Every structure is written in structure tokens, then in C-alpha cells.
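Visitor: Could you walk me through this model, feature by feature? I would like to learn how to read each one.

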Amino acid sequence: FLLDDHSGASWRGEEWMRDTWEHIKHLPITQVVLPGSHNAATSELTGDVAQDHGGNTIRTLHGYLGKNIGDVFARGWSVTQPHCVKEQLGLGVRYLDLRVCVDSQLELPAALRTCHGYFG
């Protein structure tokens, strides 16, 4: 089922599953396309470099370019979503790709933080 200019249907983000239920209810999950979000929790990142692969790249950039200039490049790479997770769900996203890292500066469970080079 596709929503296009000829279907007469309109996109209502948070209601899309209800709006399309009659068309998708008989389909196996492998035949339903779920709108997803890559690195979903990266609309707001702290200045703290994460202990992940991206954080290692950022530390390398800091070494070559200095922290201030390195951060200019790294933030453009790290922030991949303009909307927070709640807003993404309201827009119809139903699959969230979340990267979770452990912040060694904090105690569990607060130490579990989203990350993509920087902590979220």
C-alpha cells in the first residue's frame, strides 16, 4: 500500500498505522515497511566525547586540528537527526536505531547514555 497523489489518502504521522491497518493487518511483518530513524537520539549532543568508535575519531581530529576546530567538523557528522525521539515518533517513525554507550564518569543506570561520537 502506497500513499501517493492518486490514493486520496494523506499522511498523518502518528496515526499512519491506524490509517493503513486494513491494508497491512494480513501481511507478515517482513512485508511491512516501517519508517525508521538512523542514530535516532542525536538531535541534541553534549560536548562530552563518548567512548565509542565515533569518539575515537573525534579524539583523533582533536589531536590533528585542536579541540575547537575538530568539534566543528565532528558535530556536523555526529548530529544526524533534526528532531528529538518524541517528535520523530509523532512524525510516524516506528523503528529507532539507538546507539547506547557507557559513560565511565557516571554510576549505573545513569551511565547508560545515547551516543554518536558525543554523548546525547
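**Reading the backbone, the helices and the surface**

Guide: Let us start with P109, which lies in the loop between β3 (100-102) and β4; strands (E, at least two residues) and helices (H or I, at least four) are DSSP runs numbered from the N terminus. This is a predicted model, where local features need pLDDT of at least 70 and side-chain atom pairs pLDDT 80 or more, while totals for chains, interfaces and linings use all residues. Residues are numbered from 1 along each chain as its sequence is written, and side-chain values use heavy atoms, leaving out hydrogens and water.

Visitor: Which peptide bond joins L108 and P109?

Guide: Most peptide bonds are trans, and most residues other than glycine have a negative phi. Here, a cis bond links L108 to P109, with omega about 0°. As for phi, N39 has a positive value of about 45° although it is not a glycine. N39 sits in the loop between β1 (36-37) and α2.

Visitor: Is N39 buried or exposed?

Guide: Buried means under 20% relative accessible area, exposed over 50%, and partly exposed in between (1.4 Å probe, protein chains only). N39 counts as buried because its relative accessibility is 1%. R113 in strand β4 (residues 112-116) is also buried, at 14%.

Visitor: What does R113 touch?

Guide: Contact means heavy atoms within 4.5 Å. Not counting residues up to four places away in sequence, R113 touches T46, D48, R99, V100, C101, D103, L106, F119 and G120.

Visitor: How do α2 and α3 pack?

Guide: Two packed helices are described by the angle between their axes and the distance between the axes. For α2 and α3 the angle is about 150° and the axes are 7 Å apart; axes are lines fitted to C-alpha atoms over the stretch in contact, and angles run from 0 to 180 degrees between N-to-C directions. On the α2 side, G54, I58, L61, H62 and L65 meet α3 residues including I69, F73 and W77.

Visitor: Which residues make the nonpolar surface patch?

Guide: Nonpolar patches join Val, Leu, Ile, Met, Phe, Trp or Tyr side chains within 5 Å, from residues with over 30% relative accessible area and no salt bridge (Lys or Arg side-chain nitrogen within 4 Å of an Asp or Glu carboxyl oxygen). Y64, L65, I69, V72 and F73 make one of about 590 Å² (Shrake-Rupley method, 1.4 Å probe). Both α2 (53-65) and α3 (67-78) give two or more residues, with the largest share, 3 residues, from α3. V72, in helix α3, is exposed, with a relative accessible area of 62%.

Key: Patches are made of residues with over 30% relative accessible area and no salt bridge: like charges are joined within 9 Å, nonpolar side chains (Val, Leu, Ile, Met, Phe, Trp, Tyr) within 5 Å.
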